[in-house]
Structure formats: C-alpha cells, structure tokens
Amino acid sequence: DIRYGAEAGLISRRLGRGVAVRTKDGTVVRGRVLVNCAGLQCDRVARLAGDDPKMRIVPFRGEYYELARPELVRGLVYPVPDPAFPFLGVHLTRGVDGGVHVGPNAVLAGAREGYSWPVVRPADLAGTLAWPGFWHLARRHAGYGLGEVGRSLSKAAFTRAVRRLLPAVREDDLVPAPAGVRAQAVLRDGTLVDDFLIRQGPGTVHVLNAPSPAATASLPIGREVARRVLGVLERG
Ligand SMILES: Cc1cc2nc3c(=O)[nH]c(=O)nc-3n(C[C@H](O)[C@H](O)[C@H](O)COP(=O)(O)OP(=O)(O)OC[C@H]3O[C@@H](n4cnc5c(N)ncnc54)[C@H](O)[C@@H]3O)c2cc1C
C-alpha cells in the first residue's frame, strides 16, 4: 500500500505491539516494524520514533551546470577522490541522452530542502548550528568550505575548477541547471560518515546514511534492511 505525499508527523511505539505512524493529514498507519529511510529527514524521523540516531544530517547543496558543447566530452571525466572528503568535487558526467552535466560542488544549504541560496529555514539552520559535530567539521574543513562557496557564487571560479579537467571549457559553455541537496550524516565529533549507516531500535530500523547507492549497493542495502527487520521481529 503506497501512500504518496503522506508525511510522517507522529510516531508511537508500544513494546510488543508494533509501531503507529500518524501522517500530517491525520491518517494512522500501523505496522510491526518501522523502516525509516527518510533521507534528508532521517535523523528527525529516528528522534520522532524515540531513538537517538547519534548523528545529524547536515544538508549540502550540490549545484550543477549543463555543458552547452557536450561534444567536448565523450565519457565520464572524474577527479581522483580525496579520501579526506566524501565529496568528489566538480566532475563531468555524460548522460544517456548525450547531455553533459558539470558538478556538483558542495555548499552548506540554508534548509534541509534548500535547493537554492534564498531558501533558508531558521529551524533547520538552528538544528545544524546546535550540533557540535558541525563546529568540529567547520574548524577542520573551513578552507575547503570557503572555496566551495566561492565556486558557488562565482561562475568564473567554478569554470576554473572545471578547466583543471577539461581545459577547452569556457565560462559561456556552462548553463545553470537544477541543484540537489546531499543528506550528509555527521557524527558528534565532526566525522563525515562516508559509509552506509543503519541503526536499529525496538521495533525500528533506521537507514541513516545511504550514499550513492544506485551505482553501487541499492540491492544489498535492501537485503540488509530486510535482514535487520527480521532480527527486530525475532526479538519481539
Ligand atoms: C547532487 C546529488 C547527486 C547525486 N548523484 C548520485 C549518483 O550519481 N549516483 C548515486 O547512486 N547516488 C547519487 N546521489 C545520492 C543519492 O541520491 C542518495 O544517496 C539517495 O537518494 C539516498 O536514498 P534514501 O532512500 O536514503 O533517501 P532519499 O532518496 O532522499 O528518499 C527519502 C524519502 O523520504 C521522504 N521523507 C522525508 N521525510 C519524510 C517524512 N517525515 N514522512 C514521509 N516521508 C518522508 C522524502 O520525501 C523522500 O522521498 C546524489 C545525491 C545528490 C544530492
């Protein structure tokens, strides 16, 4: 039974009697186990259920450009990853339709669903600033973060970053395209979680970090979630 647009608002759990979710429109959905895979909201949903996820989502917006001369790129042009960051940095990806998108960068978003600079939600921002892990992260990676802000605000700076991979590119080859927001899981000590993170509570399984699953591990993640659900059911 798939319910579109049904936002989980309240979650109650009674030991041995499963979980009840009240959606914002007042519908109550009951089940024996709750699987939380709420992406940008997963830490909040875990806390709604009464569990401590021991991490917070810090939203990072990834901005893209479309390449006006896609013939410059025949395949994928990616940098060697820096193991210090889960962000790959700007790269060029040729899609199945022949178009080439360039990006993403990674700038702190003003809201969980902050798909552009003007979208700022004070409650989201306050939640980010109240998490000690954010400040550890900010201290450790301030230089990198400022560079990303620069590449977000200045197309010339973004173009310079692209030119390291594709010297022929010019500023007017880059056409602004829609952005995405990455749900970056950050631990209390500022660690950027770069592996899958799934935690359980009584009657609950929380998918708290599922980075880049499409190309790598979506089916094994599904199997792992199912395995943990069965474990929760066995424990009652
Ligand atoms: C810019 C960008 C580029 C990326 N590129 C790639 C790529 O090339 N390959 C790849 O594999 N991955 C890529 N990813 C990562 C990938 O998109 C995510 O890792 C993946 O979507 C995470 O899956 P998820 O199911 O955990 O969360 P999501 O896909 O975010 O799904 C969460 C869902 O929960 C819903 N939800 C939230 N709160 C509630 C609530 N209270 N009640 C009910 N529903 C709720 C949301 O509406 C959403 O539908 C990219 C991400 C970004 C931001």
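Tutor: Let's begin with the second largest pocket, whose lining is made up of 14 nonpolar, four polar and five charged residues. In that count, Ala, Val, Leu, Ile, Met, Phe, Trp, Tyr, Cys and Pro are nonpolar, Asp, Glu, Lys and Arg are charged, and the others, Gly among them, are polar. Nearest the centre of this pocket, among its 23 lining residues, are Ala6, Glu7, Ala8, Val21 and Val45. A pocket here is an open set of points on a 1 Å grid over the protein atoms alone, where a 1.4 Å probe fits and protein lies on both sides within 12 Å along at least five of seven lines; lining residues have an atom within 4 Å of a point. At least two lining residues come from each of strand 1 (8-13), strand 2 (19-23), strand 3 (28-31), strand 4 (34-36) and helix 1 (42-48). Helices (H or I, at least four residues) and strands (E, at least two) are DSSP runs, numbered from the N terminus.

Please keep in mind that this is a predicted model: local features need pLDDT of at least 70 and side-chain atom pairs pLDDT 80 or more, while totals for chains, interfaces and linings use all residues. Residues are numbered from 1 along each chain as its sequence is written, and side-chain values use heavy atoms, without hydrogens and water.

Now to the largest pocket, which is lined by 37 residues, with Pro86, Arg182, Pro211, Ser212 and Pro213 nearest its centre. Strand 5 (56-67), strand 10 and strand 12 (204-209) are the elements that give two or more residues to this lining, and strand 10 has the largest share, with five.

What about the ligand? Its shell has 18 residues, and Ala8, Tyr64, Ala210, Ser212 and Ala214 come nearest; being near takes a heavy atom within 4 Å. Strand 10 (residues 174-186) gives the most to this shell, three residues. Because domain 1 (8-55 + 196-235) and domain 2 (60-186) both contribute to the shell, the ligand lies between them; the domain bounds come from an automatic or database domain assignment.
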